[in-house]
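Here is a friendly walk through a few parts of this fold. Have a look at the sequence and the structure first, and then read on.

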Amino acid sequence: NSETIRSRFAEVVGDRNAGAYISSVLIAVANSEKLQECTPVSIYMSALRAATLRLSVDPSLGQAYLVPYAKEATLIPGYKGYIDMAVRTGKYRYINVHKIHEGEIVDENPISGFHSLAGGKTSDKVIGWLAAFEIMTGYGKTLYMTIEDIHAHAKKYAPSAYDNPKGLWKKDPQAMERK
């Protein structure tokens, strides 16, 4: 309720959006006992950082998350937030991530580096993810990772998040694999 905090958010997201944005922060904190244990300053700074990026921290939107580490809140953008920021630049013709199912074959062209899909889905089992983008100038890139590669990457570069029994890697692994 501090007028200083309200005015700071209004500076970043505009008077019209400040109240709604602060409400989304309150929703995120109210839904997490661990966030409630974090310092108010760390919550404020992480929420302000999200506002600067124009990402909502409302957990239901999946754009960004306030994540508690010890007693400090940290901003972690979600994959929907990354896509939103990229699209807002106006520089992308397309940006997409797609599940690869058992039976589908991903082939990489050794000259262009682009991936192509062959075969057909034989089950609902997801065996990997294929990401692709192209910017307006024509430059594009694809990336394919198997489920095993994705999990190995997460274990190596985000072990505390990956091993957290209450974290998204355990609650919603497909969302994290997609990210």
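This is a predicted model: local features need pLDDT of at least 70, side-chain atom pairs count only at pLDDT 80 or more; totals for chains, interfaces and linings use all residues.

Let us begin with helix H2, residues 15-30. With 16 residues at 1.5 Å a residue, H2 should span 22 Å, and its end C-alpha atoms are 23 Å apart, which agrees. Which residues of H2 are buried? They are Ala18, Tyr21, Ile22, Ser24, Val25, Ala28 and Val29. These residues lie on the same side of H2, because they cover an arc of only 155° around the axis. The cover over the buried residues of H2 includes helix H1 (3-13), helix H3 (33-36), helix H4 (40-52) and E1.

Helix H6, residues 147-157, has its own buried set: Ile147, Ile150, His151 and Ala154. Their arc around the axis is only 95°, which puts them on the same side of H6. Packed against the buried residues of H6 are strand E6 (126-135), strand E7 (140-146), helix H7 (159-163), helix H8 (168-171) and helix H9 (173-178).

| Helix | Exposed residues facing away from the buried side |
|---|---|
| H6 | Glu148, Lys156 and Tyr157 |

Now for the hairpin. Strand E1 (residues 64-69) and strand E2 (residues 72-77) run antiparallel and are joined by 6 bridges. Val67 has Thr74 in E2 as its bridge partner. There are 2 residues between the strands of this hairpin, and Ala70 takes a positive phi near 60°.

Definitions and conventions:
Residues are numbered from 1 along each chain as its sequence is written. Side-chain values use heavy atoms; hydrogens and water are left out. Two strands pair if DSSP finds at least two bridges between them. Helices (H or I, at least four residues) and strands (E, at least two) are DSSP runs, numbered from the N terminus. The expected span of a helix is 1.5 Å times one less than its number of residues. Buried means under 20% relative accessible area, exposed over 50%, partly exposed in between (1.4 Å probe, protein chains only). The arc is that of the directions from the helix axis to the C-beta atoms. Contact means heavy atoms within 4.5 Å.
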